[in-house]
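Good morning, everyone. I would ask you to look at the sequence and the structure together while I go through a few parts of the chain.

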Amino acid sequence: MNESHPRISKAVIPAAGLGTRFLPATKATPKEMLPVVDKPAIQYVVEEAVGAGLSDVLMITGRNKRPLEDHFDRNYELEEALIKKGDQERLAKVQESSDLATMHYVRQGDPRGLGHAVLCAAPHVGNEPFAVLLGDDLIDPRDPLLARMVEVQEREGGSVVALMEVEPSQIHLYGCAAVEPTGDADVVKVTNLVEKPDPAEAPSNYAVIGRYVLDASVFGILRETEPGRGGEIQLTDALQKLAADESVGGPVHGVVFKGRRYDTGDRGDYLRAIVRLACEREDLGPDFRNWLRGYVTEEMQGL
């Protein structure tokens with residue numbers, strides 16, 4: 001490994017959003033705590049970071065997000081009750097979340113966009129490269145996207161974003177990257193980034209999804225970045241400046257992801273994620289798939 005590209009150990013997870021698309025469920029419960037089968041969505045994200053070797057996790061939170069901290073903390077009363085019952089299986093599940101990683105928390109305060117949330121991590125991260133994982137995107141653990149991004153960043157330096165090809169009509173929902181090929185089939189060099197462009201003006205159909213590995217130079221740019229689309233400080237705008245001038249913080253590369261991704265920020269995709277993951281579970285899958293086949297057959301016959 002090139003010594004100028006230090007190994008990454010820290011992950012930042014912005015989790016200060018209000019979750020308005022899931023109201024009223026998120027009126028008093030953080031959207032990140034909504035269960036995907038039997039684990040909250042946020043636990044899948046932390047597990048992904050740990051699986052990529054990032055055991056130091058900083059969560060950017062806000063008001064009414066205390067349950068996030070409680071979930072990754074010890075619950076001695078519950079553990080004691082399970083010990084008395086001799087329920088070792090559930091005890092292990094309860095303890096799993098508190099033993100995953102070294103967890104830290106900081107409040108964002110005013111919700112001023114993803115760029116501002118990332119900037120809140122500067123005192124904790126320092127001058128090291130770091131990963132950012134958005135809680136709405138769940139990446140199947142069989143598709144190690146983040147580990148690949150870390151590998152590319154440690155080899156090339158600079159920053160790395162996750163890209164996914166989408167239908168041109170959908171590109172206005174994402175940040176969009178203009179790219180050039182490299183010697184690796186799944187890696188491209190990013191030359192420009194545009195936040196939620198009009199499809200007619202999009203430079204490609206490569207959408208930026210919720211995984212980033214960033215050089216610490218991004219903090220200096222974010223401090224100078226004016227609010228952009230939606231009146232918020234956009235991380236995409238800061239990355240565009242890095243892509244335009246490599247002397248600031250190295251190049252920006254993209255890893256093109258073609259694996260399994262679940263968007264739990266959308267109600268429909270959230271339900272589809274639950275169905276897919278439940279179907280694949282050894283303990284739930286067989287019975288659930290049988291029920292699902294019967295249900296779908298009945299619905300089709302009723303049409």
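**Glycine 175 and its surroundings**

Let us begin with the contacts of G175. Leaving aside residues up to four places away in sequence, G175 touches V194, E195, K196, Y206, A207 and V208. Please keep in mind that this is a predicted model. G175 lies in strand β9, which covers residues 175-181. Is G175 buried or exposed? Its relative accessibility is 7%, and because buried means under 20%, G175 counts as buried. As for Y270, 95 residues apart from G175 along the chain, the two C-alpha atoms are separated by 21 Å.

I turn now to strand β12, residues 252-256. Here 5 of the 5 residues are buried. In general, the side chains of a regular strand alternate between the two faces of the sheet. In β12, V252, G254 and V256 are on one side, H253 and V255 are on the other, and all are buried.

Which strands are joined to β12? Strand β8, residues 159-165, pairs with β12 in the parallel sense over 5 bridges, and S159 stands opposite V252. Strand β10, residues 187-195, runs antiparallel to β12 and is joined to it by 3 bridges; there, V188 stands opposite G254.

Finally, the nonpolar cores. The largest has 50 residues, of which I13, V46, M59, L133, L145 and V213 touch the most other members. Helix α1, residues 41-51, gives the most to this core, with 6 residues. A second, separate core has 35 residues, including A121, A177, L214 and F219. Returning to V46, its contacts beyond four places in sequence are I13, M59, F72, L100, A101 and M103.

Conventions. Residues are numbered from 1 along each chain as its sequence is written. This is a predicted model: local features need pLDDT of at least 70, side-chain atom pairs count only at pLDDT 80 or more; totals for chains, interfaces and linings use all residues. Side-chain values use heavy atoms; hydrogens and water are left out. Helices (H or I, at least four residues) and strands (E, at least two) are DSSP runs, numbered from the N terminus. Buried means under 20% relative accessible area, exposed over 50%, partly exposed in between (1.4 Å probe, protein chains only). Contact means heavy atoms within 4.5 Å. A nonpolar core is a set of buried Ala, Val, Leu, Ile, Met, Phe, Trp, Tyr and Cys residues joined through side-chain atoms within 4.5 Å. Two strands pair if DSSP finds at least two bridges between them.
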